[in-house]
Amino acid sequence: MPFNIPTIDIGQSFSSDSVYAESQANLLREILIEYGFFSVNNHNIDTKIIKTIELKAKEFFSCSPEQKNLCIGYLESTGSTRFIPGNSHMQNLRIVPDHFFSNNHKLLQYENRRLESVGKTIDDYMLLPKDDIVDGFESATRSYINAMSSVANKLLPLYARALNLEYNYFNNLFTDPYWIFYCKYYPPYSTLENQYGLAEHSDLDFITILPLSSVPGLEILVENSWQPVGYKENSILVFTGDFLHRWSNGLCKAAVHRVTIPETDRYSFPFHYNPNFDVTDESLPSCINENPIVDSPLTLFDFLHKRTLL
Ligand SMILES: [Fe+2]
């Protein structure tokens, strides 16, 4: 039997229907503890936005390497993931927001180092794919980022209540959220044993928001068993990442997932969403107990810096 992904309805806010929103927050708490992932209903995202980014990504990834390299954020993936050694055939188009560059020079050094290793340098501008590579790619990307940000903003009060905090608890902590959008292409390859498009891992972030691809490949670990995620039209998944796991003192399970090598071209657009860089992973007040999982709290900035330098 295919695994049924739990669902949260984000169609009602605390100001429009607080009783219903509260019921969804209670459900979310159970899901965060037991699974660490869910899909959102009534997100109100125009499917055209998702279809357009997919179309533009297809065009982009079919360009020549010379053309693709005109996009500063483009990195052809050379390795796999953190937990399982192996080969990855995934190509990444990595896009980072401009405020990231203007405010956070240490991570900029990190990003610079990655790009310098393939002969690129970053000026302090937003790493959007420019329309001179694929016509309309930049505006498609902006629309997509705005849409995913709106889903994130609807989720924050639900997360706050799910964690037994005031529904507006996170407002001041996400005034300048740090996000990364990836545009990923998984080409079909003949699969060797233990090779994945993206091997087993959990994401580093607070949450990851991911519209489901119609091409199979995503699998989630549920009670030690890998469950393929079946496609549903218009479905958007949300994963708990390591930062939320730490911040909630282990209450929220980080979603372990992987991507198998697909049989046909597969495109994926995860949007990783985090609080402000100076927010620490010291236990949220409602999650404190006598066994803290974090010995020395780190700011989000230091946490990401440390983990991405591994
Ligand atoms: Fe991931």
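## Strand E5 and its tyrosines

Tyr 186 lies in strand E5, which spans residues 178–186; helices (H or I, at least four residues) and strands (E, at least two) are DSSP runs, numbered from the N terminus. Because 26 C-beta neighbours fall inside 10 Å, Tyr 186 counts as buried. A residue is buried if 20 or more other C-beta atoms lie within 10 Å of its own, exposed if 12 or fewer, and partly exposed in between, with C-beta atoms placed from the backbone. Although Tyr 186 and Val 259 are 73 residues apart along the chain, their C-alpha atoms are separated by 9.0 Å.

Tyr 182 is also found in strand E5. Tyr 182 has 18 C-beta neighbours inside 10 Å and therefore counts as partly exposed.

## Basis of the model and overall make-up

This is a predicted model, in which local features need pLDDT of at least 70 and side-chain atom pairs count only at pLDDT 80 or more, while totals for chains, interfaces and linings use all residues. Residues are numbered from 1 along each chain as its sequence is written.

The secondary structure of the protein chain comprises eight helices and 13 strands. The protein chain has 310 residues, of which 39% count as buried. Two residues are in contact if their C-beta atoms, placed from the backbone, lie within 7 Å. Of the contacts in the protein chain between residues at least 6 apart in sequence, 76% join residues at least 24 apart.

## Confidence

The predictor's confidence in each residue is given as pLDDT, from 0 to 100. For the protein chain the mean pLDDT is 84, and 82% of the residues reach 70 or more. Confidence is highest in strand E10 (residues 236–240), at 98, and lowest in helix H4 (residues 98–103), at a mean of 38.

Over residues 79–87 pLDDT stays under 50, and the model has 22 contacts beyond four places in sequence for this stretch. The pLDDT is also below 50 over residues 97–105, a stretch with twelve contacts in the model beyond near neighbours in sequence. Where pLDDT is low, the predicted coordinates should not be read in detail.

## Packing of helices H2 and H6

Helix H2 (residues 47–61) packs against helix H6 (residues 137–162) at an angle of about 140 degrees, and their axes are 9 Å apart. H2 is therefore oblique to H6. Axes are lines fitted to C-alpha atoms, for helices over the stretch in contact, and angles run from 0 to 180 degrees between N-to-C directions. Angles under 35 degrees count as roughly parallel, over 145 as roughly antiparallel, 65 to 115 as roughly perpendicular and the rest as oblique.

The crossing of H2 past H6 is left-handed; a crossing has this hand if the near helix is turned anticlockwise from the far one by less than a right angle, and is right-handed if clockwise. On the H2 side, Ile 49, Thr 52, Ile 53, Lys 56 and Phe 60 meet Phe 137, Ala 140, Thr 141, Ser 143, Tyr 144 and Ala 147 of H6. By class, this contact of H2 with H6 has seven nonpolar, three polar and one charged residues. Ala, Val, Leu, Ile, Met, Phe, Trp, Tyr, Cys and Pro count as nonpolar, Asp, Glu, Lys and Arg as charged, and the others, Gly among them, as polar.

## Packing of helices H1 and H6

Helix H1 (residues 18–34) and H6 have axes that come within 8 Å and cross at roughly 70 degrees, and the two helices are therefore roughly perpendicular to each other. Their crossing is right-handed. From H1, Ala 21, Glu 22, Gln 24, Ala 25, Leu 28, Arg 29 and Leu 32 meet Leu 158, Arg 161 and Ala 162 in H6. The residues of this contact divide into six nonpolar, one polar and three charged.

## Val 151 in helix H6

Helix H6 also holds Val 151, which is buried because 20 other C-beta atoms lie within 10 Å. Beyond its neighbours within four places in sequence, Val 151 is in contact with Val 40, His 43, Ile 45, Ile 209 and Ile 236.

## Asparagines with positive phi

Asn 164 has phi near 60 degrees, a positive value in a residue other than glycine. Asn 164 is placed in the loop between H6 and E5 and counts as partly exposed, because it has 14 C-beta neighbours inside 10 Å.

Asn 234 likewise has a positive phi, near 70 degrees, in a residue other than glycine. Asn 234 lies in the loop between strand E9 (225–228) and E10. With 12 other C-beta atoms within 10 Å, Asn 234 is exposed.
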